[in-house]
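Good morning, colleagues. Please have the structure in view as I speak.

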Amino acid sequence: MLGQEVTAACHERDHEVVALAHAALDITSPAAVDEAMSRYEPDAVVNCAAFTDVDGAEDDEAGAMRLNDEGAALLGAAAASVGAKVLYPSSDYVFDGSASAPYVESDLPSPLSAYGRSKQAGETSVAVANPRHFITRSAWLFGLGGKNFVETMLRLGREQSEVMVVTDQVGCPTYTRHLGEAIALLVEGDAFGIHHLAGGGQCSWYEFAQEIFDQAGVECRVMSATTGMLARKAPRPPYSVLGSEHPDAITLPHWRKGLAAYLAARALEAAA
């Protein structure tokens, strides 16, 4: 979802882009990473490769670490070797969700899950590997080209008259097109360090589901549930709203606007 949007946003800003899919570059292979850097000599590297299966990481933490930490470190170091900046997208899951106000960049991570630990480790490794780094934490991504909560709700809404969604997890739904545009803007500059980039506002998954059905015109009742009732393998932060302490922070549109834009783009793609 994110890689294609970053690519499109960079093209729109008149940058030359080399977009390498997994088949073209395995970031856990030192030889492959070094060869790619030598061939393309980039000015900036945006690492959209990631192990994103939050529950799966509980059974394969080593696999999550290999991609989200070790591979990210290889890419960061190789970028540094050719004088390139590197951008590492991270996650709200690096926090434990015990806060009562939005997390800002200087708040200390304390991940609850294997996935969160792998992303925190990646943040540290990238920062060590390349001083010219950007770390962008975001949350609850949805967009074209990948599995996401919006697609799940729309599918369930077509198949059944009601769905059960948790009310005790609150965060910031983020449209990947808006995030991609923010990343393209950020990587042009030199504001190195951590940046929180997430959809404006906040909501629970329950409220997000209601808004999805309302905007899509789907008749489906949303039933409230707790996290404990759904018995997911990986623990989730109950509150992972992201804010920024940067005075000139890049802000993303409100999550409701992001949802509306996504549904419109989705309709255009279906028509095409």
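The second largest pocket has a lining of 15 residues, and those nearest its centre are His-196, Ala-198, Leu-242, Gly-243 and Thr-251. By pocket I mean an open set of points, on a 1 Å grid over the protein atoms alone, with protein on both sides within 12 Å along at least five of seven lines; a lining residue has an atom within 4 Å of a point. The space in this pocket is about 160 Å³, where a volume is the space filled by probe spheres set on the points, and grid points are joined across faces, edges and corners. Its lining comprises 8 nonpolar, 7 polar and no charged residues. Here Ala, Val, Leu, Ile, Met, Phe, Trp, Tyr, Cys and Pro count as nonpolar, Asp, Glu, Lys and Arg as charged, and the others, Gly among them, as polar.

A word on provenance. This is a predicted model, in which local features need pLDDT of at least 70 and side-chain atom pairs count only at pLDDT 80 or more, while totals for chains, interfaces and linings use all residues. Residues are numbered from 1 along each chain as its sequence is written, and side-chain values use heavy atoms, with hydrogens and water left out.

A cavity is a set of points where a 1.4 Å probe fits but cannot get out. The search of the whole structure finds 1 cavity of 30 Å³ or more, and the largest cavity holds about 30 Å³. Strand E7 (174-175) and helix H10 each give two or more residues to its lining; helices (H or I, at least four residues) and strands (E, at least two) are DSSP runs, numbered from the N terminus. Among the lining residues are Phe-142, His-178, Trp-255 and Gly-258. The classes are 6 nonpolar, 5 polar and no charged.

Helix H10 spans residues 255-271 and also contains Ala-265. Is Ala-265 buried or exposed? Ala-265 counts as buried because its relative accessibility is 10%, the limit for buried being under 20% relative accessible area with a 1.4 Å probe, protein chains only. Beyond neighbours within four places in sequence, Ala-265 is in contact (heavy atoms within 4.5 Å) with Leu-144, Tyr-175 and Arg-177.

Finally, Ala-84 lies in the loop between helix H4 (61-81) and strand E2. Ala-84 is buried, at 1% relative accessible area. Pro-42 is 42 residues from Ala-84 in sequence, yet 6.1 Å from it in space, C-alpha to C-alpha.

Conventions:
Buried means under 20% relative accessible area, exposed over 50%, partly exposed in between (1.4 Å probe, protein chains only).
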